[in-house]
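Hi,

Here is the structure I promised to pass on.

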Amino acid sequence: MRKAIQKRMEAKKYVWEGAIPLQIHLHESQVTTLPPPPPALILAPRIGYLPLLVPLIKPHFSSTLPPGVDTIWFEYRGLPLKWYIPTGVLFDLLCAEPERPWNITVHFRGYPGNVLIPCDGEDSVKWSFINSLKEAAYIINGNCKNVMNMSQSDQLELWHSVMNGNLEAYLRVSSKLKLATIEDEYTSLCSSKSQQGSGETDFTGQVKTGRVPVRLYVWSISEDFDDWEDLSQVDSWEKISYINRPIEIHKEGKCFTLHDAMKSLLPEFFSDESLSDSKLARVDFEDAQKIPSEDVSSNKVVEDQGQNAYEHREACCISSSAEIKLIRIQGIEPKLEIPFSWLVNNLLNPDHFLHICVCVKVPQ
């Protein structure tokens, strides 16, 4: 058991230390000097958020910016980047063939309010993170009182631990929230096999229960391709289906796998049901991540938001003959037979959601 805990901590450390090399270019319309400034080179934490990089980026470009008030935002090949999605998730979702360094563009003017919700810098990102944590707590425990009742000092320490990539501090504070994790079935199975060799009890028959917060990003494509580099880029967020719902784990005598989880999230990909019979829990990007303009202090308001986030349902316009081409979590492309509990216990983001990027091919 001690070895299993050590391995889990090692996996968490890899997740927290994960980073993406960025090459950030200033948009040509905002260059006022010749020659234009060179791109900024930054190693961005996977679990971080793009607006948190602004203190490093702005000094690099400040001498060439036109007059005006900063309204900073990022884009990738013409697509404005959702600032409240973790940087690693954006990279996994938008770069089917990983691009290193990742070339993105920064704007200091002309905020696209028709595509992105407002961002007031670190404060907006912080409240987005805290709201996600509340939503996860509601899914796991049926309420978010533990998060709502956090002291200001604990809340600040938790946020700073995420900003600074301090896993030890994060674990110390987050443990107070009592957001239970599910038992790692792979570890239990290995331990059980070892015990069976000693004549002890079998793993079969144990009941696995749990509710896991999942955010699924489904990128639909229609064209055939021989290589990921030949695939057309995502040029609109309308091509991404955002599915925000819990995974219910309740298995007896059988390991609950990623395949089981995906079947729960995307049943029409794993069955013969017609599209009219298939329903997906789905919420809009903006509705799920709206940042309240006033202090979020009402338990009922937050709990209602959490409940609506995964109870709202509408049809998803994807054919039953669609084919899953790629699943990516924290930059890893796991096999469908991997125990889902291992993914949950090792690859969660600090907001306690498991973010899964999926590419599916749908018939034309």
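Below is what turned up, going from helices to sheet to core.

Before anything else, this is a predicted model, so to speak of local features a pLDDT of at least 70 is needed, side-chain atom pairs count only at pLDDT 80 or more, and totals for chains, interfaces and linings use all residues. Residues are numbered from 1 along each chain as its sequence is written, and side-chain values use heavy atoms, with hydrogens and water left out.

Helices first. Helices (H or I, at least four residues) and strands (E, at least two) are DSSP runs, numbered from the N terminus. Axes are lines fitted to C-alpha atoms, for helices over the stretch in contact, with angles from 0 to 180 degrees between N-to-C directions. Helix α7 (residues 167–174) packs against α1 (residues 2–17) at about 115°, the axes being 11 Å apart. On the α1 side the contact (heavy atoms within 4.5 Å) uses Met9, Lys12, Lys13 and Trp16, and on the α7 side Leu167, Tyr170 and Leu171.

Helix α6 (residues 152–164) also meets α7: their axes come within 8 Å and cross at roughly 150°. Here Asp154, Glu157, Leu158, Ser161 and Val162 of α6 face Ala169, Tyr170, Arg172, Val173 and Ser174 of α7.

Now the sheet. Five strands make an open, mixed sheet ordered β2-β1-β5-β3-β4. β2 (40–45) and β4 (79–80) are at the edges with a single partner strand each, so one side of each has no neighbour in the sheet. β1 (residues 19–26) runs antiparallel to β2 over six bridges (strands pair if DSSP finds at least two bridges between them), and Ile20 has Ala44 in β2 as its bridge partner.

Further along, β10 (residues 323–328) and β11 (residues 354–361) are antiparallel and joined by five bridges, with Glu323 partnered by Lys361 in β11.

Last, the largest nonpolar core has 92 residues, and Trp102, Phe340 and Leu354 have the most contacts inside it. Such a core is a set of buried Ala, Val, Leu, Ile, Met, Phe, Trp, Tyr and Cys residues joined through side-chain atoms within 4.5 Å. Leaving aside residues up to four places away in sequence, Phe340 touches, among others, Val212, Val214, Phe256 and Leu354.

Cheers

Conventions:
Buried means under 20% relative accessible area, exposed over 50%, partly exposed in between (1.4 Å probe, protein chains only).
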